[in-house]
Amino acid sequence: MSIAKSKSGDFLLAVEGLTVSFDGFKAVDDLSFYLDPKEIRVIIGPNGAGKTTVLDLICGKTKATSGSIKFAGKELTKLKEHQIVHSGVGRKFQTPSVFEDLTVFENLEVSYPQGHSVIGALAFKRDAAVIEAVEDVAKTIFLTEALHEPAALLSHGQKQWLEIGMLLIQKPDLLMLDEPVAGMSVAERKKTAELLRVITKDHTVLVIEHDMQFVGDIADRVTVMHQGKVLSEGSIDHVKSDPKVIEVYLGH
Amino acid sequence: MGTTDTTATGRSDGKRSGFRKSLMTLAASVMLASSVQAATPSTAEVNTTELAVTDDTVTVGILHSITGTMAISEIGSVQAEKLAIDQINASGGVLGRQIEFVQEDGASDWPTFAEKTRKLLRQDNVAAIFGAWTSASRKAILPVIEQFNGMLYYPTFYEGLEQSPNVVYTGQEATQQILASIDWAVETKGAKTFYLLGSDYIWPRTSNKIARKHIDKLGLKVVGEEYYPLGHTQFNSVINKIKLKKPDVIFASVVGGSNVAFYKQMKAAGVDFTDEKPLLLTISVTEDEIRGIGGENVEGIYASMKYFQSLDNPNNKEFVAAFKEAYGDDMVIGDVTQAAYLGPWLWKAAVEKAGSFDIDKIREEFAGIEFDKAPEGYVRIHENHHLWSKTRIGQAQIDGQYKVVHETEELMEPDPFPEGYQ
Amino acid sequence: MKHSSLMKWFVSREGLYYLALAFLLVVILPLTLDSFRLNMVGKYLTYAFVAIGLVMCWGKAGILSLGQGVFFGLGGYCMAMFLKLEASTPEATAIQSTPGIPDFMDWNQLTELPWFWEPFHSFSFTLLAVIGVPVLLAFVIGIAMFTRRVGGVYFAIITQAIAAVLTILIIGQQGYTGGVNGITDLQTLMGWDIRTDEARNILYFICVAMLFLCLFAARLVQNRKLGRILVAMNAQEMRVRFSGYDVAAFKIFVFCLAAAFAGIGGALFTLLVGFMSPSFIGIVASIEMVIFCALGGRLSILGAVYGALLVNAAKSGFSESFPELWPFAMGALFIGVVLAFPDGLAGLYKSYVMPLEDKVFKRNKSKSAPVGATPAAKKADDYSPMANTCSPEKS
Amino acid sequence: MFDGYTSSELMSIFAMQGFAGLSLFSVFVLMALGLAIIFGQMGVINMAHGEFMILGAYTTYLTSGFFQSYLPGLFGGYFFIAMVLAFFICAALGALVEWLMIRHLYHRPLDTLLATWGLSLIMQQAYRSIFGAREVGVDLPEWMMGAIPVTDMVDLPINGLFVMVIALSVAVGVYLLMYRSGYGKKVRAVVQNRPMAEAVGINSAGIDRATFALGCGIAGIAGAAFTMIGSTGPSSGQAYIVDTFLVVVFGGAQSLIGTIVSAFGISQAQSTMEFFLSGSMAKVLTLLVVIGILMIRPEGLMALKVRR
């Protein structure tokens, strides 16, 4: 394990001693892990292992009971959600959450990192730079054709992509994706994997996923969580052969 | 548009001769011989200000809340005013003209009162408005009625501090109700200490202020003063305070639904009012209210009013009978209802004395106008537009009626701006 | 290209709706109604300010405030305090024990003007306060509630409780506030008698002008990105938050905006009606304001104006003819709007009248872009539910 | 403030004041339980709750009239029958309202608030048309009047005690129903996971209707009880609505225990303050404190911290 490397400034994200308890139940228990820049890390683990809670903690949706989350040298646990976003962390939820009433274009425009204050949003103008950025991202997420369709008309997979696109246009350093291929067709999965590879050229990505095939396709490293703790960490082959992991997944 | 009710009575003999005949009957029954004229005066003569007066009708307005929270209280006034109008029509009308009325609903909403006053004055050009109940509604009406020079006949006992040239106050102002009753409690009951309790708004606060000053003047003591928000229904704490302070008299001006809760809880807390320990003296519980509170809950309390349904005089017997005939036997009549009944009669007397419906001419004649057929007995209009009237103390009986135990000998002078009481 | 021409087309159509409303308020009603009825319409319009605020706050951003009467009342009280001071000259109040202070203070043994009344000698301060006081209170409530993420039903109930508290306070502190009677007998505004028909007509037009100002302000907000964020926040608050927006700040903003509109409405109400009292602040008044907005269509700012006009006109009409039926009608209105027409008149207009319009427009402008606008664009658009087919004052 | 009173007098007063707080507490509990059940289970804010209460009060009024006319001998016991009737009449109307109105609005809680407000207007006017605008006086049997003298100073009002007993019984009954019966298990299942509850064969629509009816029925019992201490008029119900909501919200929406704790806290605070301040200021302060606490702790007193 990499505890020895603690406190080093090389990491993009350093989670240390993170704990959160709900009425005594420790959903995440003294968790530590570290992400290198441009890494794709996948978190796997059985239901209830605390995977989604970890993402919630990093993006500020849930407040930690104790521990620290350092992102590019900044302590995130003390920031509000929108400040965390502004410091470069993007989060995609498990179920696609896009603005169904708005068009794809407007969805992306809303996420464009400008005019995020009240006054800014009032003064915001759709200029050439915005249009260009939106069209760029739309291309990346395979939605150029649907740019002016309302998001409600998109397929499930397209909505997932749109949400990823909404993160991309924020130009975050760290993207956190919660089960991005859940409910997707095989073809869509392939395209998503392709999309993720494009994304990782410029971003660090933290993914929660169940689909081991898909995990194998994309992961640089895998963290296995169990009962709020890290059970194993390493390459996909390493964790697959780790007896503790086998015990948890196959035992009982 | 509004409901223009033509009162049925007396409309059949709408010809000149019929009028003259009924005017003769009127002469027999109505006090002011001077007002009776040989012939119906021409409209041009009696109406120079474009009021809704025709050769055989005159239109007045009735403006009370038919809906909303105040409807409970105001309906009695509407009934009394309509009864008075019917009776006046039956006896020949006013200056030979039958009274028609436009009734508007103030809806327990003060701007609506202002709005409807405006409508009555501007659109219907009514010759008089009988209406309003709460001070708030009267205050809303006031600027409008002054602006368009109408005349409001306001029936409720109220806090005083007002004297508009465009209002006739047919109920008592605060000093009339309060001073006599405190004197009575001190003289006949030997009261030394008082606890003042009221709903939290202007009338109880002003009334208690006057009461406090008067009690101070008499060298006696106020041991507590307390206000609860309108509609409050939990009085246990104040009941405890009263038990602690052991006043001789609780002087109460709680109104509305709070009243019901207050008396029920007093009774439940083991206070038997018939013991008069303490004695409860109220200025806010009329027979109307007792129906909601229940006679058994208020049995033994004393109220200071100018009118009780049980008053024993011929005028009142006639009035009560007529009222019950018109609206049913189970009707009860409270102080305000009676005061509302006075409105149309006083207006009629003033119109006939002035020989005109014009507001300005009527106003000249107000001072000294008398009405001796009043159910409460004889009343007279003071130059300050309030009524000279007697104050009476009644003790509540289990059947919901008051037994009159005291009556001032003289008419009390209305004094809306009492020196030394402000 | 297609996009921008579509936008243009919509603007022109939307512009027509505004013109229709202006035509109704500025030409038709003043020509057909006498001064008395026109003043009543003016009074109804002051509620439209509140309704527009509620469209922004509740319709768009999903924040239901049951305490808008508070802001309406505060605006109204600020104006009333100024007018009352003007009416309480030492000469006019010579009979009081302390001349020069409002009459109700004198009755309550106050011997000098309370400190918070002092600034209301100044008209410019009053104008500032009419907007500033409601906004300040909304800001404080907003900070406390929205940063703690109080929303939905909880927010509604707490605002309702605030309305209750303020009513009790105003009634209880009658020496400072005029109590349950309110602040009455207001006569002149800087020497100008506001009780004459002429003055009331002028005030009506001022009211209409202010209404359009507020409408344009609301429209600006709604058509900017800010408006889209508000709507988005309503549907997907979490997503907006994790797109980097400080959701609380946006909620505070729109709540303050609604408070400002309500304050302006309240001040105009005082001017048009001639007094202010706690009954416009309370729970019942506040919740009735919501129905103006709901009837008009909770997403349509123009609808709100028609909603306020229609409900109030109906209320006056009913209580003139069938007073006992009015509460039934009002109750049915609440239930009906919620159950059957959640999008209110604007929704009905969109489903029934707009298709007809579309035909007309197509015939006239066969070259213009097809009407196949996206539902989203339609939703963000505004429509006049009644156009000029019906004058709300046909009693 | 306490100058000139003997210590025994003061003791009595404090005892009485404690009792006053308790009776306010039982009033709050009766008012809030029905609302809390409905709100907790369905997220529905029933603005017509006060009107359902008054329906119970009118039922009691009619029952008392019936007994006086036809069964004067049994008058002493009419109240119990009235309570049962009030429960069933209100529950039946509640079920009807649920079926006609509420069930269409489950996903729009703010809209239920408006729709039930409309309902409350209609109910009020209906009372006014049927019973008249004035409050009606409900005659109570003799044994319910008066007080039990404990000491010279301390009298315990019998009807106050009776209201307390009713409040306690209703609270216990609701507790048993919610936590010890099959129905309660189903209710909680539906609250926690509606689709799953439906999947295992729970008739969630039926549960909703029963719950709404139950809440309204409890309002009816409350109304019957209030005839002893409050007024019965078309708009009497309005007086309770804000207090009731605050009690429920303050307690934490889905917790019945929370509702009871909050009723206790608010009632004690209010009655203590009423003793030291004037009634109006006590009310204002109580409301402000509750609002203040809710701002700091919006989820209410007893809400569980859960993963959401």
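In this predicted model, helix α1 (residues 7–42) of chain D and helix α9 (residues 238–251) of chain D cross at roughly 60°, their axes coming within 9 Å. Axes here are lines fitted to C-alpha atoms, for helices over the stretch in contact, and angles run from 0 to 180 degrees between N-to-C directions. Helices (H or I, at least four residues) and strands (E, at least two) are DSSP runs, numbered from the N terminus. The two helices are therefore oblique to each other; angles under 35 degrees count as roughly parallel, over 145 as roughly antiparallel, 65 to 115 as roughly perpendicular and the rest as oblique. The crossing of α1(D) and α9(D) is right-handed (a crossing is left-handed if the near helix is turned anticlockwise from the far one by less than a right angle, and right-handed if clockwise). On the α1(D) side the contact is made by D:Phe28, D:Met31, D:Ala32, D:Leu35, D:Ala36 and D:Phe39, and on the α9(D) side by D:Tyr240, D:Asp243, D:Thr244, D:Val247, D:Val248 and D:Gly251. Residues are in contact if their C-beta atoms, placed from the backbone, lie within 7 Å. By class, this contact has nine nonpolar, two polar and one charged residues, where Ala, Val, Leu, Ile, Met, Phe, Trp, Tyr, Cys and Pro count as nonpolar, Asp, Glu, Lys and Arg as charged, and the others, Gly among them, as polar.

Chain D holds another helix pair. Helix α5 (residues 158–180) of chain D packs with helix α8 (residues 204–226) of chain D at an angle of about 170°, the axes being 10 Å apart; the pair is therefore roughly antiparallel. D:Val163, D:Ile166 and D:Val170 of α5(D) meet D:Ile218, D:Ile221 and D:Ala225 of α8(D), a contact with six nonpolar, no polar and no charged residues.

Chain D also touches chain B, with 40 residues of chain D in contact with 33 residues of chain B. On the chain B side, α3 (71–90), β8 (221–228), α8 (236–245), α9 (257–268) and α10 (287–293) each give two or more residues. That side of chain B has 13 nonpolar, 13 polar and seven charged residues.

The contact of chain B with chain C takes 33 residues from chain B and 28 residues from chain C. Within it, the axes of α4(B) and helix α2 (residues 35–60) of chain C come within 10 Å and cross at roughly 165°, and the two helices are therefore roughly antiparallel. B:Pro111, B:Glu115, B:Arg118, B:Lys119 and B:Arg122 of α4(B) make the contact with C:Phe36, C:Met40 and C:Lys43 of α2(C). By class, there are three nonpolar, no polar and five charged residues in this helix contact.

Chain A contains an open sheet of four strands in the order β2-β1-β4-β5, with antiparallel pairing; strands pair if DSSP finds at least two bridges between them. Its edge strands are β2 (25–35) and β5 (74–75).

As to confidence, chain D averages a pLDDT of 84, and 95% of the residues score at least 70; pLDDT is the predictor's confidence in each residue, from 0 to 100. The predictor gives the complex an ipTM of 0.83 and a pTM of 0.85. Because the model is predicted, local features need pLDDT of at least 70 and side-chain atom pairs count only at pLDDT 80 or more, while totals for chains, interfaces and linings use all residues. Residues are numbered from 1 along each chain as its sequence is written, and chains are lettered from A and ligands numbered from 1 in the order in which they are written.

How values were computed:
Contact = placed C-beta atoms within 7 Å.
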